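The sequence and structure come next.

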Amino acid sequence: MSSELTETNPVYGPFFGVMGAASAIIFSALGAAYGTAKSGTGIAAMSVMRPELIMKCIIPVVMAGIIAIYGLVIAILIAGNIASPDSGYTLYKGFLHLGAGLAVGFSGLAAGFAIGIVGDAGVRGTAQQPRLFVGMILILIFAEVLGLYGLIVAIFLYTKN
Amino acid sequence: MEQPQFTVFKTVLAYSAFILASPVIAFFVTKFLFFEGLLGISSTASNVWSAVLAVVVLHIALGMYIYRAYSDGDKPKTKPTDKVD
């Protein structure tokens, strides 16, 4: 038994890392699902009258999917680095991984909400006035970048030692 | 009559598959073949650079889709054939 674990390598150290990996993908997927569903209702309502615009209006759905990929990347990075405490996984690393997971998770949740609401209104508006499309894309990119900020912070936290 | 709709479906499907698959493929290919195989970088550094590269590839794919949708989507609609009677 590994009874000589110090207080820097406690047995509950990996719990924080595992929670970080889980929260990274859970909250990102929650935001992405909200974004997909909300903009999906907009697309469904819009394409009854203007079915030729579907190709343009899938873009909010694609961008919501990208939010989930951010969370997936961080979850894979963290999951590949979790080890048992007696092989050198410190409590500090667990905290870093929890912070990285929460950073990308909640940023993804926020970005997914923004993409969903903007996608819904933007798609409905684009059906009435096609020149709104450029504005919708710009607003969607600014919403998407919020998730990217979380990813950058998460990668910085992940690389700390 | 069904042809344009099927073409749009094929285009969207191809771009969606590309956007979903390209970052995952880029991550694992660059991590195991390039950074760890060729350059011999440590695990953490190769992880980080592969992740950065995967995100860059993802945004290139997204940009290609937006460009395609923007330039291709607003083609002037062909006038419906006049009814003959």
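## Surroundings of A:Ile74

Apart from neighbours within four places in sequence, A:Ile74 is in contact (heavy atoms within 4.5 Å) with A:Ala24, A:Ala100, A:Val104, A:Leu151, A:Ala154 and A:Ile155.

This is a predicted model, in which local features need pLDDT of at least 70 and side-chain atom pairs count only at pLDDT 80 or more, while totals for chains, interfaces and linings use all residues. Residues are numbered from 1 along each chain as its sequence is written, chains are lettered from A and ligands numbered from 1 in the order in which they are written, and side-chain values use heavy atoms, with hydrogens and water left out.

## The nonpolar core

A:Ile74 is also among the residues that touch the most other members of the largest nonpolar core, together with A:Ile59, A:Tyr70 and B:Tyr65; this core has 51 residues. Such a core is a set of buried Ala, Val, Leu, Ile, Met, Phe, Trp, Tyr and Cys residues joined through side-chain atoms within 4.5 Å. Buried means under 20% relative accessible area, exposed over 50% and partly exposed in between, with a 1.4 Å probe and protein chains only.

At least two residues of this core come from each of H1 (13–46), H2 (54–57), H3, H4 and H5 (132–159) of chain A, and from each of H1 (3–38) and H2 of chain B. The largest share, 13 residues, is given by H3(A). Helices (H or I, at least four residues) and strands (E, at least two) are DSSP runs, numbered from the N terminus.

## Helix packing in chain A

H3 (residues 59–79) and H4 (residues 91–128) of chain A pack at about 175 degrees, their axes 9 Å apart. Axes are lines fitted to C-alpha atoms, for helices over the stretch in contact, and angles run from 0 to 180 degrees between N-to-C directions. H3(A) and H4(A) are therefore roughly antiparallel, a term for angles over 145 degrees. The contact of H3(A) with H4(A) involves twelve nonpolar, five polar and no charged residues. In these classes Ala, Val, Leu, Ile, Met, Phe, Trp, Tyr, Cys and Pro are nonpolar, Asp, Glu, Lys and Arg are charged, and the others, Gly among them, are polar.

For H4(A) and H5(A) the angle is about 175 degrees and the axes are 8 Å apart. This makes H4(A) roughly antiparallel to H5(A). Their contact has 21 nonpolar, nine polar and one charged residues. A:Gly125 lies in H4 of chain A and is buried, at 19% relative accessible area.

## Chain B

Chain B has two helices and zero strands. Of its 85 residues, 28% count as buried.

B:Ser50 is in H2 (residues 43–73) of chain B. At 0% relative accessibility, B:Ser50 counts as buried. Neighbours within four places in sequence aside, B:Ser50 is in contact with B:Phe27, B:Thr30, B:Lys31 and B:Phe35.

## Annotated spans

An unreviewed UniProt entry gives "transmembrane region" for residues 12–35 and 47–67 of chain B. UniProt positions follow the numbering used here, feature names are shortened, and annotations may be inferred rather than shown by experiment. Residues 12–35 of chain B are 100% helix and 0% strand, with end C-alpha atoms 32 Å apart. Residues 47–67 of chain B are 100% helix and 0% strand, with end C-alpha atoms 30 Å apart.

Residues 19–78 of chain A are 87% helix and 0% strand, and the end C-alpha atoms are 10 Å apart. Residues 98–157 of chain A are 95% helix and 0% strand, and the end C-alpha atoms lie 9 Å apart.

Notes:
Angles under 35 degrees count as roughly parallel, over 145 as roughly antiparallel, 65 to 115 as roughly perpendicular and the rest as oblique.
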